Amino acid sequence: MRKIYSVVIFSLAFTATTFAQVSSDTLVQVYGNLLKAADSTPVVGNILYEKLPYYDDMGISSTKTDGSFQIQLIKGETYNFSVKKEGFKKFTEEIQVTGNLNRDFYIEEDLIELRKLENLIFARGSDQISPSSYQELNELATWMNENPSIVIQLEGHTDFAGNPDANMRLSEARVVAVQEYLIDQKVRKNRIFTKAFGGTQPVTQDRTDEAKALNRRVEVRVIRR
């Protein structure tokens with residue numbers, strides 16, 4: 001039994017010594033700043049780094065108050081750097097680290113406040129969502145799941161032709177259908193409000209088929225970040 005313990009202790013000691021030798025010879029520094037893309041002002045956040053392709057060296061580096069960071073990595077390896085921060089679009093960049101590197105990362109603010117779901121299609125006179133709409137709704141769900149503090153309001157509109165009460169009920173049924181779809185994609189219900197407008201807020205007063213199609217829409221309004 002003593003011999004077994006001796007072998008284990010020797011093995012651990014040898015591994016630690018070998019790692020220290022390799023580290024001192026191959027570690028390099030990646031340093032720079034995390035900045036807003038619009039005006040290069042500093043951003044305080046966390047930078048996730050992962051060695052590719054097996055993710056056998058990974059960690060998180062927090063920037064200082066001036067946005068600066070410094071990360072110690074293995075020379076000659078390729079790393080994926082990513083930043084997820086509330087109010088900003090997800091950032092990712094892949095870099096081969098061949099030596100000490102001065103690199104600034106620029107992240108874009110996510111300033112979407114109101115936008116139309118361009119590819120949202122319903123069956124005529126129905127709240128049944130077309131399968132061709134799923135990709136756009138999945139992208140919206142992913143965005144919300146990556147930004148868990150965001151709260152939205154789904155706003156439903158129809159064209160102004162026909163019975164106003166029926167249009168109001170239809171616009172309400174459609175935003176509820178979108179809400180239920182997002183909930184199925186793991187977005188919490190208390191983050192999705194709905195509001196129906198029927199045909200009371202058309203974007204155009206024209207009566208052509210194209211104009212009617214423009215007026216039939218669901219919009220996403222960010223009400224809290």
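Analyst: On a 1 Å grid laid over the protein atoms alone, a cavity is a set of points where a 1.4 Å probe fits but cannot get out, whereas a pocket is an open set with protein on both sides within 12 Å along at least five of seven lines; lining residues have an atom within 4 Å of a point. Grid points are joined across faces, edges and corners, and the space filled by probe spheres set on those points is the volume. This is a predicted model, in which local features need pLDDT of at least 70 and side-chain atom pairs count only at pLDDT 80 or more, while totals for chains, interfaces and linings use all residues. Residues are numbered from 1 along each chain as its sequence is written, and side-chain values use heavy atoms, with hydrogens and water left out.

User: How many cavities of 30 Å³ or more does the structure hold, and what is the volume of the largest cavity?

Analyst: The structure holds one cavity of 30 Å³ or more. The volume of the largest cavity is about 30 Å³. Its lining consists of Asp-159, Phe-160, Ala-161, Asp-206, Arg-207 and Lys-212.

User: What classes make up the lining of the largest cavity?

Analyst: Ala, Val, Leu, Ile, Met, Phe, Trp, Tyr, Cys and Pro count as nonpolar, Asp, Glu, Lys and Arg as charged, and the others, Gly among them, as polar. By that rule the lining of the largest cavity has four charged residues, two nonpolar and no polar.

User: What is known of the largest pocket: its volume, and the residues nearest its centre?

Analyst: The largest pocket has a volume of about 440 Å³. It is lined by 23 residues, and Phe-122, Asp-159, Arg-174, Lys-212 and Arg-216 lie nearest its centre. Two or more lining residues come from each of strand E10 (151-157), helix H3 (164-184), helix H4 (209-215) and strand E12 (217-224); H3 gives the most, with four. Helices (H or I, at least four residues) and strands (E, at least two) are DSSP runs, numbered from the N terminus. The chain has four helices and 12 strands. By class, the lining of the largest pocket has nine nonpolar, eight charged and six polar residues.

User: Which residues lie nearest the centre of the second largest pocket, and which helix gives the most to its lining?

Analyst: Lys-89, Asp-110, Trp-143, Glu-146 and Asn-147 lie nearest the centre of the second largest pocket, which is lined by 16 residues. Helix H2 (residues 134-146) gives the most to that lining, with five residues. The second largest pocket holds about 270 Å³ of space, and its lining divides into 10 charged, five nonpolar and one polar.

User: Why is the pair of Phe-69 and Phe-105 called stacked?

Analyst: Rings of Phe, Tyr and Trp (its six-membered ring) pair if their centres lie within 6.5 Å; planes under 30 degrees apart count as stacked, over 60 as edge-to-face and the rest as tilted. Six aromatic pairs are counted by this rule. For Phe-69 and Phe-105 the ring centres are 5.4 Å apart and the planes stand at 10 degrees, so the pair is stacked. Phe-69 lies in strand E4 (residues 68-74) and Phe-105 in strand E8 (residues 105-107), so the pair ties together parts that are 36 residues apart in sequence. One aromatic cluster is formed by Tyr-49, Phe-69, Tyr-79, Phe-81, Phe-91 and Phe-105.

User: Why does Phe-69 count as buried, and why does Phe-105?

Analyst: Buried means under 20% relative accessible area, exposed over 50%, and partly exposed in between (1.4 Å probe, protein chains only). Phe-69 has 6% relative accessibility and therefore counts as buried. Phe-105, at 0%, is buried as well. Of the 225 residues of the chain, 37% count as buried.

User: What makes Arg-217 buried, and with which side chain does the side chain of Arg-217 make a polar contact?

Analyst: Arg-217 has a relative accessible area of 8%, so it is buried. A polar contact is a pair of N or O atoms within 3.5 Å; within protein, one must be able to donate a hydrogen and the other to accept it, and residues adjacent in sequence count only if both atoms are side-chain atoms. The side chain of Arg-217 makes such a contact with the side chain of Glu-219, at 3.2 Å. Arg-217 lies in strand E12, and Glu-219 has its place in strand E12. Glu-219 counts as buried because its relative accessibility is 13%.
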